[in-house]
2 protein chains.
Amino acid sequence: VVRWAPDARGRLQQAAFELYGERGYENTTVAEIAEHAGLTKRTFFRYFADKREVLFSGAQALQKTFVAAVVEAPESATALEAMAAALDAAAVGFEERREFAAQRQRIVNANPELQERERSKLASLAAAVAEAMRARGVAEPAATLVADAGITVFRAAFEAWVQAGNERRLQQIVHVLLDELVAVMAG
Amino acid sequence: VVRWAPDARGRLQQAAFELYGERGYENTTVAEIAEHAGLTKRTFFRYFADKREVLFSGAQALQKTFVAAVVEAPESATALEAMAAALDAAAVGFEERREFAAQRQRIVNANPELQERERSKLASLAAAVAEAMRARGVAEPAATLVADAGITVFRAAFEAWVQAGNERRLQQIVHVLLDELVAVMAG
């Protein structure tokens, strides 16, 4: 019986990622994840609603980071500048977890149900960013368009960042892609 | 026994839309759609794989329209100009079907499974447009970024177009939103 489980959450997450990677997400049960982490199913459910949530538990924190950065950007900042600040803040939070992020991305990309969940989370994130833009006075449709464009940049940057062999920081890739989008939209 | 069914496809689609709108997508069966259209289930399955496909059968044609317009844009056109041409071509194909499109959008928006399917179709569409961009020499990441931005504009324009009370043409809304995105990305 495990009486004391330091970082049970992290251990469960790592156990889940290992099993999803080895035998596939669809072939892994919560009982197996708990056992692999040396913990009980009950402990698992104290941290995660189900095995899918292990992969998406970071979404809420990410959304908070984006929204806070948009809201807190200087009053004088344009919508694009507020978006750039939010991308920056979000990128910084990932830098130390690249291997973890890469592992997660491989799992999500291997399963259509998880890809759908990912798209759904990104759509929610874009909607929250658009709302934050409106809160700082950006009118529609600009608020929605800049939020969607920003999330597009973030997703593309994230994918490039987790690629094998990449040595650039996420923050740097985000800047490059945002500049690229600005350039392409300038014709 | 129906011996002759002029426009069976259109009748099935209209019957499906009526039932989805009245009693909800999830509470409607293929048998009911066929009966409502005065046709058989066998006839239904000659045109559609399942009841969901009635709502997404236009996706392939839309993708062809987008891709063809990108590929056929003048060699001198920038990525943005090729994207604008594709948005234009896609918009024109919808103008005469606004009531139909509005009805479809209400059904999709009322059901999370259908919204996920819609996002998945739009992601495929963006990937196809990005490929067409690369085929005309646009490098990555510009190809993916301009394609995603274009599909964002299309989706937002479509939503505004089907709103009750809107009297503008889809093509006009697409132009306005594309200009707006260009302006917001210019800072």
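Modeller: Before we start, contact means heavy atoms within 4.5 Å. This is a predicted model, in which local features need pLDDT of at least 70, side-chain atom pairs count only at pLDDT 80 or more, and totals for chains, interfaces and linings use all residues. Residues are numbered from 1 along each chain as its sequence is written, chains are lettered from A and ligands numbered from 1 in the order in which they are written, and side-chain values use heavy atoms, with hydrogens and water left out.

Colleague: Thanks! How many residues of chain B are in contact with chain A?

Modeller: On the chain A side, 25 residues take part. Their partners in chain B number 25.

Colleague: About how much area do chain A and chain B bury between them?

Modeller: Buried area is the accessible area (1.4 Å probe) that two parts lose on being put together, summed over both. Carbon and sulfur atoms carry 73% of it here. For chain A and chain B the value is about 2400 Å².

Colleague: And which residues of chain A lose the most area to chain B?

Modeller: Three residues together make up 29% of what the chain A side buries. They are Arg119(A), Leu145(A) and Met185(A).

Colleague: Which residue of chain B does the side chain of Arg155(A) meet in a salt bridge?

Modeller: A salt bridge is a side-chain nitrogen of Lys or Arg within 4 Å of a carboxyl oxygen of Asp or Glu. Between chain A and chain B the count is 2. In the salt bridge of Arg155(A), N and O are 2.5 Å apart, and the partner is Asp148(B).

Colleague: Now the fold: how many helices does chain A have?

Modeller: Helices (H or I, at least four residues) and strands (E, at least two) are DSSP runs, numbered from the N terminus. Chain A has 0 strands, and its pattern along the sequence reads α-α-α-α-α-α-α-α-α-α. The number of helices is 10.

Colleague: What percentage of the residues in chain A are buried?

Modeller: Buried means under 20% relative accessible area, exposed over 50%, and partly exposed in between (1.4 Å probe, protein chains only). Chain A has 187 residues, and its C-alpha atoms fill a box of roughly 60 × 35 × 25 Å along the principal axes. The buried share is 47%.

Colleague: Which helices of chain A does the pair of Phe66(A) and Phe154(A) tie together?

Modeller: Rings of Phe, Tyr and Trp (its six-membered ring) pair if their centres lie within 6.5 Å; planes under 30 degrees apart count as stacked, over 60 as edge-to-face and the rest as tilted. That gives 20 aromatic pairs over all chains. Phe66(A) and Phe154(A) make an edge-to-face one, at 5.3 Å centre to centre and 85° between the planes. Because the two residues are 88 apart in sequence, the pair links separate parts of chain A, helix 5 and helix 9.

Colleague: Are Phe66(A) and Phe154(A) buried or exposed?

Modeller: Phe66(A) has 0% relative accessibility. For Phe154(A) the relative accessible area is 3%. That makes Phe66(A) buried, and Phe154(A) is likewise buried.

Colleague: Which residue's charged end sits over the ring of Tyr25(B)?

Modeller: A charge sits over a ring if NZ of Lys or CZ of Arg is within 6 Å of the ring centre and within 35 degrees of the ring normal. Tyr25(B) itself is buried, at 6% relative accessibility. The charged end over its ring is 4.4 Å from the centre and belongs to Lys51(B).

Colleague: Where is Leu114(A) placed?

Modeller: Leu114(A) is buried, with a relative accessible area of 0%. Beyond four places in sequence, its contacts include Tyr25(A), Arg52(A) and Phe56(A). Leu114(A) and Phe56(A) are 58 residues apart in sequence, yet 9.4 Å apart C-alpha to C-alpha. The place of Leu114(A) is residues 112-135 of chain A, helix 8.

Colleague: Last one: is the peptide bond from Glu140(A) to Pro141(A) cis or trans?

Modeller: Most peptide bonds are trans. Pro141(A) is in the loop between helix 8 and helix 9 of chain A. With omega near 5°, the bond from Glu140(A) to Pro141(A) is cis.
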